[in-house]
Amino acid sequence: MLDGSVWRAKSFGASGTQVGEVVFNTSLTGYQEILTDPSYAGQFVLMTNPHIGNTGVNIDDEESIKCFLAGLIIRSLSISTSNYRCTESLSDYLSKRNIMGIYDVDTRAITRRLREDGSLIGVLSTEESKTDEQLLEMSRTWDIVGVDLISSVSCKEPYEWVEKTGLEWDFNSNRRYGETFHVVAYDFGIKHNILRRLASYGCKITVVPSTWPAAETLKMKPDGVLFSNGPGDPSAVPYAVEAVKEIIGKVPIFGICMGHQLLGQALGGKTYKMKFGHHGGNHPVRNLRNGSVEISAQNHNYAVDPESLPSGVEVTHVNLNDGSCAGLAFPQRKLMSLQYHPEASPGPHDSDLVFDHFVELMRKEKQSI
């Protein structure tokens with residue numbers, strides 16, 4: 001890694017050499033959702049839970065059309081799978097998708113290093129011809145800050161999304177609306193479950209690329225606009241910030257993760273790179289409006305500085321681990337945002353009702369016209 005440390009391990013999945021930013025994820029389950037989350041583009045994900053691969057993989061748990069992360073780091077690779085939905089092993093799955101993985105490495109020691117020093121650039125390699133010094137030099141000359149990772153994970157053309165959450169998984173199946181709201185969703189690396197939850201709450205969804213002009217969005221006369229999650233540094237995509245600026249105040253807006261950070265910048269605020277970010281399915285967040293605490297799924301390395309925001313912007317949610325901003329609202333400009341994933345199900349479904357709040361925002365706007 002960039003700090004000069006060398007870790008010996010066994011490989012699985014693809015072979016070769018790959019550079020990426022090393023981050024740790026504290027989720028106990030959900031490794032397939034993590035593998036297919038576009039927000040992990042350019043990163044090696046280290047799982048702190050020691051046993052990975054127990055349930056294999058299946059097509060239903062994918063959050064996008066492919067794996068976007070740079071590699072997977074785990075302590076113990078399960079030698080067998082046991083799940084009625086399993087279609088193949090984790091190792092075979094990664095091999096077919098050309099994703100590198102390593103195991104039998106001290107993930108606890110690496111996690112401590114990341115907590116002390118912050119996220120580090122690392123290199124995974126199965127090539128014996130490359131020396132340790134050559135690999136370390138690769139880590140010194142590669143950077144993820146300031147790189148536009150969104151354009152590589154976004155869709156290339158607009159498309160309609162119609163799939164709802166499957167009835168066997170829809171814990172809020174009674175929340176159906178006779179009214180339909182048209183939402184334009186900017187794809188900065190959007191997860192399928194965000195789209196499924198919006199559809200389940202009565203939304204007709206048009207997904208557009210990250211570079212889609214704001215003027216074209218407004219021509220579509222949507223009831224609301226969603227700015228999705230996505231990888232990397234929000235400061236590296238000024239075109240997205242400009243699009244957000246042009247849409248703010250015109251229609252109700254909901255931002256998730258990257259969308260939240262872009263809203264912060266578009267409102268005149270600043271974002272900053274966190275020491276090691278938030279990655280996991282067990283982050284406590286306090287809703288400052290009602291005092292409740294949500295156990296949330298998170299994946300981000302950047303955060304909005306609330307002190308930099310203009311008057312009128314309300315911090316609605318706070319991460320209880322470090323006090324960072326986890327949600328915003330600006331009622332006068334008809335917008336709301338969350339720094340974490342309300343569609344995810346890390347165990348509880350505490351955050352799902354935020355989709356209801358977005359629908360209510362659109363309903364009120366429609367009634368006022």
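Visitor: Which element gives the largest share of the lining of the largest pocket?

Guide: Keep in mind that this is a predicted model. Several elements give two or more residues to that lining, among them strand S4 (51-52), helix H5 (192-200) and strand S14 (270-287). The largest share is 4 residues, and it comes from H1.

Visitor: Where does the largest pocket lie?

Guide: Let's start with its lining, where the residues closest to the centre include Gly 30, Asp 61 and Ser 345. Residues of the lining come from domain 1 (10-141) and also from domain 2 (150-368), so the pocket lies between those two domains.

Visitor: How do the residues of that lining divide into nonpolar, polar and charged?

Guide: The largest pocket holds about 1,200 Å³ of space, and 50 residues line it. Sort those residues by class and you get 10 nonpolar, 26 polar and 14 charged.

Visitor: Okay, on to the second largest pocket: which residues lie nearest its centre?

Guide: This one has about 580 Å³ of space. Its lining is made of 26 residues, and the ones nearest the centre are Trp 7, Val 123, Leu 124, Ser 125 and Leu 135.

Visitor: And which elements each supply at least two residues of its lining?

Guide: By class, that lining has 14 nonpolar, 6 polar and 6 charged residues. The elements that each supply at least two of the lining residues are strand S1 (10-13), strand S7 (100-103), strand S8 (120-125) and helix H4 (132-140).

Note on methods: Residues numbered from 1 in each chain as written. Predicted model: local features only at pLDDT ≥ 70, side-chain atom pairs only at ≥ 80, totals over all residues. Heavy atoms only, no water. 1 Å grid on protein atoms, 1.4 Å probe; cavity = no way out; pocket = protein on both sides within 12 Å on 5 of 7 lines; lining within 4 Å. Points joined across faces, edges and corners; volume = space filled by probe spheres on them. Nonpolar A, V, L, I, M, F, W, Y, C, P; charged D, E, K, R; others polar. Domains from an automatic or database assignment.
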